[in-house]
Amino acid sequence: MFVNCPFDEAFKAAFEAIVFTITASGYKVRCALEDNDSGDIRYDKLCRLIEASDRTVHDLSRTELGASGLPRFNMPFELGLMMGARRFGGRRQKTKTALIMVTEPYKLPVYLSDLAGSDPVAHHGEPREVIRIVRRYLHARPDGTPLPGAARILADFERFKAELPQIAAALHLQPDEIDAFMEYRTFIDVLAGFLMQS
Amino acid sequence: MVFEPGRVGAILCGMEKVADKKVSEGTKRQSRSGRYVIARPAVSSDKVTQAQIRAAIAKVQAARDAAKS
């Protein structure tokens, strides 16, 4: 399942909630952070990840100007790539589905009117809402069996967040060495291990 | 021996091998409580092994359980 969202501090808690819910639901997270090969062209990597993902989640809430005073266009671009794959791709690509999330409801048509009528879901920047939305979108495990309820996933997510610093210490890692953005590969591995023990 | 044209075709096309692989791959693992069925992550850490992660999590959870009791 492809995750397209801002990789910045303000969105980190929501990103962790997305990744936690997807993993807890039995799906594999695919995102641009997973590959640290500097020789890989970013556009090619995105195409590969989107092509391999039947389900996709896109967060279009980052409308503010960045530190450079310029907006970030990556998220709408990657959503467009997915929609292009669905529109013009082969049989499997045409079955792709997308979850589009925003911070505030009703604002998307103002800044992306081409998506009018696509019905994005607002999470208000709350990780607990993100968990509910992503779980509702996934609805079931890949094999069709039911998922735990959102409250159960949320409780386990909060426990994971609370225990993560201690897990890092037990692994002799500094907090930034297990960070969801800086050290995504370690983060996702520890998350899978935590869920296995849950 | 029974001749099964469908199976022969599947083997020739490599389909049966793929099906076998899906079964034996073991990519889905059930969590201890049975609450979660987890797919192996698409990438793995280059800093720690799964065994180290398991040991660290068990240690933290044992400390938590001890604190509760």
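View 1. K45(A) is partly exposed, with 14 other C-beta atoms within 10 Å; a residue is called buried if 20 or more other C-beta atoms lie within 10 Å of its own, exposed if 12 or fewer, and partly exposed in between, the C-beta atoms being placed from the backbone. This is a predicted model, in which local features need pLDDT of at least 70 and side-chain atom pairs count only at pLDDT 80 or more, while totals for chains, interfaces and linings use all residues. Residues are numbered from 1 along each chain as its sequence is written, and chains are lettered from A and ligands numbered from 1 in the order in which they are written. K45(A) belongs to helix α2, residues 42–52 of chain A, where helices (H or I, at least four residues) and strands (E, at least two) are DSSP runs numbered from the N terminus. Leaving aside neighbours within four places in sequence, K45(A) is in contact with A32(A), D35(A) and D40(A), a contact meaning that the C-beta atoms of two residues, placed from the backbone, lie within 7 Å. C31(A) and K45(A), 14 residues apart in sequence, are separated by 9.3 Å from C-alpha to C-alpha.

**View 2. The open sheet of chain A.** Four strands of chain A, in the order β1-β2-β3-β4, form an open sheet with parallel pairing. Because β1 (2–4) and β4 (121–122) of chain A stand at the edges with a single partner strand each, one side of each is left without a neighbour in the sheet. Two strands are taken to pair if DSSP finds at least two bridges between them. Strand β2 (residues 55–59) and strand β3 (residues 97–102) of chain A pair in the parallel sense over five bridges, and in this pairing T56(A) has A98(A) as its bridge partner, while H58(A) stands opposite I100(A). β3(A) and β4(A), which also run parallel, are joined by two bridges, and here M101(A) stands opposite V121(A). Strands of a sheet pair through backbone hydrogen bonds, either parallel or antiparallel.

**View 3. The crossover from β2(A) to β3(A).** Together with helix α3 (residues 74–88) of chain A, the strands β2(A) and β3(A) make a right-handed β-α-β unit. Right-handed means that, with the strands pointing away from the viewer, the path from the first strand over the helix to the second runs clockwise.

**View 4. The nonpolar core and I167(A).** The largest nonpolar core has 56 residues, of which V3(A), I18(A), V19(A), V134(A), I167(A) and L191(A) touch the most other members; such a core is a set of buried Ala, Val, Leu, Ile, Met, Phe, Trp, Tyr and Cys residues joined through C-beta atoms within 7 Å. When neighbours within four places in sequence are set aside, I167(A) is in contact with V190(A) and also with A56(B), I57(B) and V60(B). In soluble globular proteins, nonpolar side chains tend to be buried together.

**View 5. The side of chain A that touches chain B.** Contacts link 29 residues of chain A with 28 residues of chain B. On the side of chain A that touches chain B, the elements giving two or more residues are α1 (12–24), α6 (150–170) and α7 (184–197) of chain A, and α7(A) provides the largest share, eleven residues. By class, this side has 14 nonpolar, seven polar and eight charged residues, with Ala, Val, Leu, Ile, Met, Phe, Trp, Tyr, Cys and Pro counted as nonpolar, Asp, Glu, Lys and Arg as charged, and the others, Gly among them, as polar. The model scores ipTM 0.79 and pTM 0.86.

View 6. Chain B has three helices and two strands, which run α-α-β-β-α from the N terminus on, and 13% of its 69 residues are buried. Its average pLDDT, the predictor's confidence in each residue from 0 to 100, is 74, and 61% of the residues score at least 70. Over residues 16–26 of chain B pLDDT stays under 50, and the model has three contacts beyond four places in sequence for them. Where pLDDT is low, the predicted coordinates should not be read in detail.

**View 7. Two loop histidines of chain A, H139(A) and H172(A).** H139(A), in the loop between α5 (127–138) and α6 of chain A, has a positive phi of about 70 degrees although it is not a glycine, and it counts as exposed with 10 C-beta neighbours inside 10 Å.
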